[in-house]
Structure formats: structure tokens, C-alpha cells
Amino acid sequence: MTNFAARTADHPIAPQFIQRWSPRAFASDQISEAELLTILEAARWAPSSYNSQPWRFVFARRGTPHWNNLLGLLNDFNRSWAEGASALVIVLSKTTFTPPGSANTHPAPYHSFDAGSSWAYLALQAGLSGWHAHGMAGFDKEKTRSVLGVPADYAIEIAVAIGKVGDKALLPESLQAGEAPSPRQPLSTLAFEGAFKA
């Protein structure tokens, strides 16, 4: 059981926002294709500029033929714990789009922002479905483009490990102490009325 006592919202919010966190210790549970597609389905419904929906997902479930390909894209540190996950997902975003009413392709300046909103939906749906998602920047993007055949007009955003929380004793000793939901800065240090405050 995860203890969320250290997490307190400054204002009333739905519990899934406090209960979402990014564990590294994963149990050995298998995730079915249907369960994983439900998580990705939620990500599909994120908002995007011009409804361009730039996000794309390449995924593999542990024990399937594609698992080692995706696991091999992670750096050594992330691979050391993510190998216990049930699924891995690479989030991509299309860097161009065709605006409504136009026949021409244009740069999509907000593709990464929009892909970030899809990641947030993914992470929240994972939590609502009894799973957890942990986003990772530590992976080889150049190798990812080559191994997965990602076209040049797609940005490689993040890697995601999905699984059920496992015993932190499964982790290297150096990671065990930090295996708990982290706090957040007070909203008063992040949101300002009228003008920015340093």
C-alpha cells in the first residue's frame, strides 16, 4: 500500500491527481493488450492545437517479441529498473501539420506541448486502471529513430514504463530510499495573478 500522507493539495482536487506517481519498483504482473490499449486510448483524447493530434505511440509488452528492442533503447540506469515494468511506450510527436482548409503542410510549433498533454492523460488513465506510468528522458533518441524506423518529421519525446507497484527491495539499494510519492512546490510559488513573480 502506498502512503500518500505526505501529499496534500493546497486546493480541493480529485484524488487521482495526488495518487498519480512514478514508481521504479514494478511487480512482475503482465499487462494485457486490451489493458494497455485502454491507457493509450485515454492519451488519444488529449487536447491539441488545431486538433492536430500529433502524438504517436510505439509500445511493447514484456514477454513479447518487441520488448527487448524497446528495453535496449533505455540508458543503463533506466534499464536497470524498467526491465521490471509490464510495458514500455515511446511517445513521438509529428512536427508538421496541415491546418483546416489548407492544402499546405506547416510547422507545428506546439507538437511537444500537445504530446505532453497526451502523456498526462496516459499517466492518469494508468493510475485509474490500477497501473502506474513513469516517464523517462534517459534513452538514446538517435538509436530509437533508427531501430523503430521513425520518420524525420517526428520528434522523439519520452519513453514510458508502465507497471504495478512492486516491492522497493527489488531496486538497487541506492534507489530504495526515494521510492515514494514526491511532494510538490506550493501553488503560491508557481501561479501568479497579473504578472510573473520570480
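A cavity here is a set of points, on a 1 Å grid over the protein atoms alone, where a 1.4 Å probe fits but cannot get out. Volume means the space filled by probe spheres set on the points, with grid points joined across faces, edges and corners. By this rule there is one cavity of 30 Å³ or more. Keep in mind that this is a predicted model, where local features need pLDDT of at least 70 and side-chain atom pairs count only at pLDDT 80 or more, while totals for chains, interfaces and linings use all residues. Residues are numbered from 1 along each chain as its sequence is written, and side-chain values use heavy atoms, leaving out hydrogens and water.

Who lines that cavity? Ser49, Ser52, Pro54, Phe97, Ala108, Pro109, Tyr110, His111 and Asp114 do (lining residues have an atom within 4 Å of a point). That lining splits into five nonpolar, three polar and one charged; Ala, Val, Leu, Ile, Met, Phe, Trp, Tyr, Cys and Pro count as nonpolar, Asp, Glu, Lys and Arg as charged, and the others, Gly among them, as polar.

Now for the sheet. Four strands make an open, antiparallel sheet in the order 1-2-6-5. Strands (E, at least two residues) and helices (H or I, at least four) are DSSP runs numbered from the N terminus, and two strands pair if DSSP finds at least two bridges between them. Strand 1 (55-61) and strand 5 (132-136) are the edges, each with a single partner strand, so one side of each has no neighbour in the sheet. From one strand to the next, the twist averages 25°. Strand 5 and strand 6 (residues 154-163) run antiparallel and are joined by five bridges, with glycine 135 opposite valine 160 in strand 6.

Helices pack on this sheet too. Helix 2 (residues 33-44) touches strand 1, strand 2 (87-94) and strand 6, and its direction makes about 165° with that of strand 1. Helix 5 (residues 111-128) touches strand 1, strand 2, strand 5 and strand 6, at about 10° to the direction of strand 6. These angles run from 0 to 180 degrees between N-to-C directions, using axes fitted to C-alpha atoms, for helices over the stretch in contact.

Helix 5 also holds leucine 124. Setting aside neighbours within four places in sequence, leucine 124 is in contact (heavy atoms within 4.5 Å) with Gln16, Phe17 and Arg20. Its C-alpha atom is 9.1 Å from that of alanine 43, 81 residues apart along the chain.

How values were computed. On a 1 Å grid over the protein atoms alone, a cavity is a set of points where a 1.4 Å probe fits but cannot get out, and a pocket is an open set with protein on both sides within 12 Å along at least five of seven lines; lining residues have an atom within 4 Å of a point.
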